[in-house]
Amino acid sequence: MTEWINASWIIALLGIFAVSLSGSGIKGYAAASAILLSSAVTSWLAVNALIGQPLDLTINAGIFLGDIPIRIDQLSAWFILIINFTSITGAFFGTGYLKVYENAPSKLTLHWSLFVLFHLSMVWVCMVQNGFAFLIVWEIMSLSSMLLVIFDNHHLQTLKAGLNYLVQMHISVVFLTVGFIWVYSKTGSLSFDAIRTFFQTNNNLWPFLVFFVGFGFKAGFIPLHSWLPHAHPAAPSHVSGVMSGVIVKLGIYGIFRTISYLQSDFNLLGEIIITLSVLTGIYGILNASVHRDYKRMLAYCTIENIGIIGIGIGIGLIGIGTSSPVMYFLGFGGALLHVLNHSLFKSLLFYSAGSIFQQTHTRDMEQLGGLLKSMPKTALLFLVGAIAIGGLPPFNGFISEFIIYSGLIEGIHSNSMYQIILMILVLAGLCVIGGLSVMAFTKTYGTLFLGQPRKTLDHQPHEVSRLMLVPQYLIIALMLSIAFVPQFYLNAIGNILLSMRFPISIDTITIAFYSGSAAKIGLISLIFIGLICLFWLIRATLTRKKPQATETTWGCGYVAPNSSMQYSGKSFTKPVGKLFNSLLIEKKNFEEFKPEEIFPEKRKYDSNYVDFFESNFIDKITKYLIIGAGYFRFIQNGRTQSYVLYGILFILIMFLLTIFNLIK
Amino acid sequence: MLSFILILLAAFFFTGVINRTKSILSGRKGPGIFQPVKDVLRLFKKGAVYSKTTSFIFQIAPTIYFSSVVMAMLVVPFGQSKGIISFNGDFIFFAYALALGKFFSIIAALDTGSSFEGMGASREALYSMFAEPAFFILLGSLALLTGKTSFHEIFADFHLGSSISYALAVLSAFVLGMITMIENSRMPIDDPKTHLELTMVHEVMILDNSGFDLGLILSAGLLKFSIYGALIVNLFIGIFPYQYTIPMFFAIQILAAVIIGTIESFMARFRMSHNAQFIFALTSVSLLIFFGVLMVLGKFI
């Protein structure tokens, strides 16, 4: 098995060589084929693990690191398969997306080498089971993705977003390091197995929360989410698709991994996670519905979906705490399935958003409109993604949301009043999330694709190349397979849950029962589509011979309407913005009319929404940090003499401390 | 199957009864109660005018909207007899199937590029979003009360035992009734008879639809009324045998229609800006039911 594991990184390295040697036209293909080959290797291992042959081996990494366990168990396998699929589609889409950069080969070389490295590091994050090695791989992943984000490095905004991401990821690493050191100080081992022994003998709550915060940064739980709305719009779309689809999920992977070692406090942790997740979901989708940058909107929507996944995790934890195997299965199963679902439709949406950006060069949806006529295929792809992400039948989003809903309803049948109340409130929260996501996506879809163009663009948009469309068709094919044959995926998830060692266990009968009822929903989704086709046929036959005319849109008698009179996306969601104005802070820039101004002149008005947590907490904390750090600015005075003095002082202090036995 | 036929039958007269009530109360003779159905049939025979701005979305949306309502209709049970589709958690499917129809009717309205229709679409999206928690908390509470999770089992087990369960049934009927009004864009949320595009909600979204498509939208509206009526009926019929429940079904449907007609005759529409709060307040009634259920079950500690 070692040769397979080694093959995965050797292929990636060869891929990086191939990328640097090849001509700028085929760099993308070189990277994509390296990813494809390396994925084939790891996917084969992952599929083996899922059907019951987990990989377990140890690599000796010298005296310092010691033995590093490399494991692909069922949980890793699930995430590895998700990473591989999304990275492959991302690489092919990106090849088409970056076609215009063919005259900048050095940029492309760097980008595609990093992309291969990025994919490799994500897969290895799921395999390495030693704290120190894990942090190294985790860091490679963060750094490579940061460098991928700042592809458009001549934009100040992009660089800022990249730095923001870099800083936040390192705060996350601090928490993870503290967690691993905590475990190490008690058990003397950095291996993941030590976490289990650690949890067996120590308090579970606080160490778990340290890990949760560390991984929560990556996943984007509020208030740790603020890098997402900056990094996702700034990155090239295939990178945002892979980041939003996969890298965020690795935060979820980390949380799942830590949960799998938990020994007690399930109920309390479940309640904490479920509450935080509902708030994350509502906050995310509220912001998604008001923003006019469509890629930022998708980023906020990712936060929402992390909330939904978190609700599933919370239900699962409460299920373990109250020894209800059904809740355990529905909660964790729904969460794991939603991880897969979200990675699919979010990457699909980011890719089609990328197609729009490539053709129009603007991320402001209020300047677009009527794109359906010039980019019909992209419009259809985005529509499928939008319906699926809203959790509407007959697509795959409904399946996972339905399972999570079922978990909540199962949780209602409880004896504890607190649990019942929590579950009913989460139920209400989840359906508000559903309703708001319909609002957010009708707005985005309507503003981008429907109506008339709001502005004449310098370059007439056209349908994108087949290279960019085919990966999206592939994603839709997989989405439909989940929608119509969910039992296949649920059985795989059942295997994952069977392999986890928790105080409660589920039997195959429960899994078979619930995957059976999911199969029924798959069937009903098919019936639904059949019904739509049936009515469409009836309509087509009945209206074939009827007269049809084309006229202008009804304008209440006004005969000269123009495209700027259309309802804007901002007005569409203004009522939501007003109702939740304490969370959705609108910054307006305008000049008041003065009383002496009898004939007002031309003036400008603009408004935008700012992130509640960022403007109220993070920015303030940063401001005080900068003020505080300002007091120590005298240290860095640019004189070499002072720096030498610092060195001498340091040695002196060390010397004195040793003499007085204060440090050993 | 039974529920499907009954809902279909009720759809024929429900809107007609509302209109008739309104006309009698305003001192007119009014059209016959089958007039709405005749209108729909006439529309089915007509040709259509499409806007130049619209795309295929505008053409498929009415069909999908209609299908989603039919799909929702399939899961509604009737007393002891199941709906055609019945499974655990089918009420989630009910709400989400309707939401798909709404999704398409909203984007169809945006497809016309008319600011009026965009305005209506925005309101429709907002109101239906606010109505959803009320529905889910209500059904969640009933699921808690009966210990079941499908429409059919919940309603079959909804025994009217103690007097507080009667109160629960009446409150639930109130919530469902208000949701009916919101979903069908009726008073006090929306005034279907208004002539000013700026104050419309649902009517303005379908301004550009004509011919067969308009017929589909209107017939979906007729069906929606009787679907929600059937849900209300289900709260009361429980385990009674069919010879009582079928007449009761029609009696309650007609009563509901008459009440809606009466409300519409004597009430004015709420201010648009207050609608959202009003609808959200419905959730508190649902929460009342929820706490009632907790009390009935003795789980209040």
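Two strands pair if DSSP finds at least two bridges between them. The legends below refer to a predicted model.

**View 1. Strand pairing between chain A and chain B.** Strand β3(A) pairs with strand β1 of chain B, residues 48-51, in the parallel sense. Four bridges join β3(A) and β1(B). In this pairing, Thr550(A) has Tyr50(B) as its bridge partner in β1(B).

**View 2. The interface of chain A and chain B.** On the chain A side, 74 residues are in contact with 78 residues of chain B. About 6600 Å² is buried between chain A and chain B, and carbon and sulfur atoms give 78% of this area.

**View 3. A salt bridge between Arg539(A) and Asp213(B).** The count of salt bridges between chain A and chain B is one. Arg539(A) forms a salt bridge with Asp213(B), and their closest N and O atoms are 2.6 Å apart.

**View 4. Polar contacts and the side of chain A that touches chain B.** Across the interface, 15 residue pairs are in polar contact, with both residues at pLDDT 80 or more. The elements of chain A that give two or more residues to the side touching chain B are α15 (371-374), α16 (376-389), α17 (396-412), α18 (417-449), α21 (508-543), β3 (548-551) and α22 (569-579). The largest share of that side comes from α18(A), with 18 residues. Sorted by class, the side of chain A that touches chain B has 49 nonpolar, 19 polar and six charged residues.

Methods
Residues numbered from 1 in each chain as written. Chains lettered and ligands numbered in written order. Predicted model: local features only at pLDDT ≥ 70, side-chain atom pairs only at ≥ 80, totals over all residues. Heavy atoms only, no water. Contact = heavy atoms within 4.5 Å. Buried area = accessible area lost by both parts, 1.4 Å probe. Salt bridge = Lys/Arg side-chain N within 4 Å of Asp/Glu carboxyl O. Polar contact = N/O pair within 3.5 Å; in protein donor to acceptor, adjacent residues only side chain to side chain. Nonpolar A, V, L, I, M, F, W, Y, C, P; charged D, E, K, R; others polar.
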